[in-house]
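I opened the notebook today to look up pockets, cores and charged pairs. Here are my entries, in the order I made them.

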Amino acid sequence: MTTARVDHRSPRSPIKFAATGTDDRTDTSALRRGRRRRSRLTALAFLAPLAVYLAAFYVYPLYRNLDLSLRDYTVRSFVAGDAPFSGLDNFRTVLDDPTFGPAMRHTLVFTFVSIAFQYAAGLALAVFFNRHFRLAGTLRALFLIPWLLPLIVSASTWSWMFNSESGVINYALHLAGANSVNWLDSPNWALTSVIIANVWIGIPFNLVILYSGLQNIPGELYEAAALDGASAWQQFRRITFPLLRPVSAITLLLGLVYTLKVFDLIWIMTKGGPGDASSTLATWSYQLGFGTLLPKFGPGAAVGNILILIALAFGLLYIRVQRRQEA
């Protein structure tokens, strides 16, 4: 008779298995935490150069400009660094100055008129080039030339064109039988002259951004509208303009911030003159800080800070409008 062998060895304890599983999960969690930590360190390493750049070229200059506007700096104290704290006295000096009103008015007129014409011309050209005709790419590239030229070259060219005696614009007016205009020397025309030059420079930027926005509008919408009998103007008003609104908003905001701080174009063409006829906050700030033998660093920095606050206010307004549109 055969007897079955019974294995009296005790089976492996389930507690041991459970402990082993816990250890495996702990090791896996530790590995995941280590990977996340390494990922964060890698991300910080990539962000470090950008952070250093922003701190050196944006944060520190803004801090120094704020410090200048809150202290009574002279040439000696600017070098020695021991200027006394004056609070908001520099801002009061600027606001009470008779130049502040015209400079603020010229800044607003220069900014909004330039943006309006730049946007209108850029949008018209973007719609025109969106038809995809022959040589459209070549012509579009030619329109980028004003944007690619150094600003000092563009400003110098416009100064020559607007010259009262030898300028090509007055020569064209003479051929047309009209009287010559003192574009840069007349208080009535100086601001108009710099606005014309700035519009010419800013049109290519609006063209590029708005044209890229038109490329994202589906062509099927225009085909359906054409089948329904919509005219070209109705298609633009009902399809193009509404769908282009987000791109238009960012284009106008960037144009606003850029135009508010335009200095070199005005300075090269008119230096803010004649008198204060084309003076803006940007040119006035430079004149106060560097345009005289006895520079007024504090008031000049205060004007610069006012300009920054205006740009910041429009930026916050844009963010609020965008949030309402997305809600």
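**Pockets**

I began with the second largest pocket and saw that H11 gives the largest share of its lining, 4 residues. Before going on, I noted that this is a predicted model, where local features need pLDDT of at least 70, side-chain atom pairs count only at pLDDT 80 or more, and totals for chains, interfaces and linings use all residues. Residues are numbered from 1 along each chain as its sequence is written, and side-chain values use heavy atoms, with hydrogens and water left out.

I wrote down the pocket rule: on a 1 Å grid over the protein atoms alone, a pocket is an open set of points where a 1.4 Å probe fits, with protein on both sides within 12 Å along at least five of seven lines, and lining residues have an atom within 4 Å of a point. Volume is the space filled by probe spheres set on the points, which are joined across faces, edges and corners. Helices are DSSP runs (H or I, at least four residues), numbered from the N terminus.

The second largest pocket holds about 330 Å³ of space. Its lining has 14 residues, and Val127, Asn130, Tyr222, Gln235 and Thr240 lie nearest the centre. Helix H9 (190–215), helix H10 (219–227) and helix H11 (232–243) each supply at least two lining residues. By class I found 7 nonpolar, 6 polar and 1 charged; here Ala, Val, Leu, Ile, Met, Phe, Trp, Tyr, Cys and Pro count as nonpolar, Asp, Glu, Lys and Arg as charged, and the others, Gly among them, as polar.

Next came the largest pocket, with about 630 Å³ of space. Of its 20 lining residues, Asn65, Ser285, Gly300, Gly304 and Ile308 are the closest to the centre. H1, helix H12 (245–260), helix H14 (281–290) and helix H15 (297–326) give two or more residues each. H15 gives the most, with 7 residues. The lining has 14 nonpolar, 5 polar and 1 charged residues.

**Cores**

I then looked up the nonpolar cores (sets of buried Ala, Val, Leu, Ile, Met, Phe, Trp, Tyr and Cys residues joined through side-chain atoms within 4.5 Å). The largest has 35 residues, and those with the most contacts inside it are Phe110, Phe162, Leu265 and Met269. H9 gives the most to this core, with 11 residues. A second, separate core of 18 residues includes Leu256, Leu260, Ala282 and Trp284.

I followed up Met269: not counting residues up to four places away in sequence, its contacts (heavy atoms within 4.5 Å) include Trp158, Phe162, Leu184 and Val194.

**Salt bridges**

How many salt bridges does the structure hold? I found 3, each being a side-chain nitrogen of Lys or Arg within 4 Å of a carboxyl oxygen of Asp or Glu. Asp67 pairs with Arg64 (3.3 Å, N to O) and with Arg71 (2.8 Å, N to O), and Arg64, Asp67 and Arg71 are linked in a network. Asp67 and Arg64 lie 3 residues apart in helix H1 (residues 14–69), about one turn of the helix.

Is Asp67 buried or exposed? Asp67 is buried, at 13% relative accessibility; the cut-offs are under 20% for buried, over 50% for exposed and partly exposed in between (1.4 Å probe, protein chains only). Arg64 is partly exposed at 24%, and Arg71 is partly exposed at 27%.

Last, I noted Arg92 and Asp89, whose closest N and O atoms are 2.7 Å apart.
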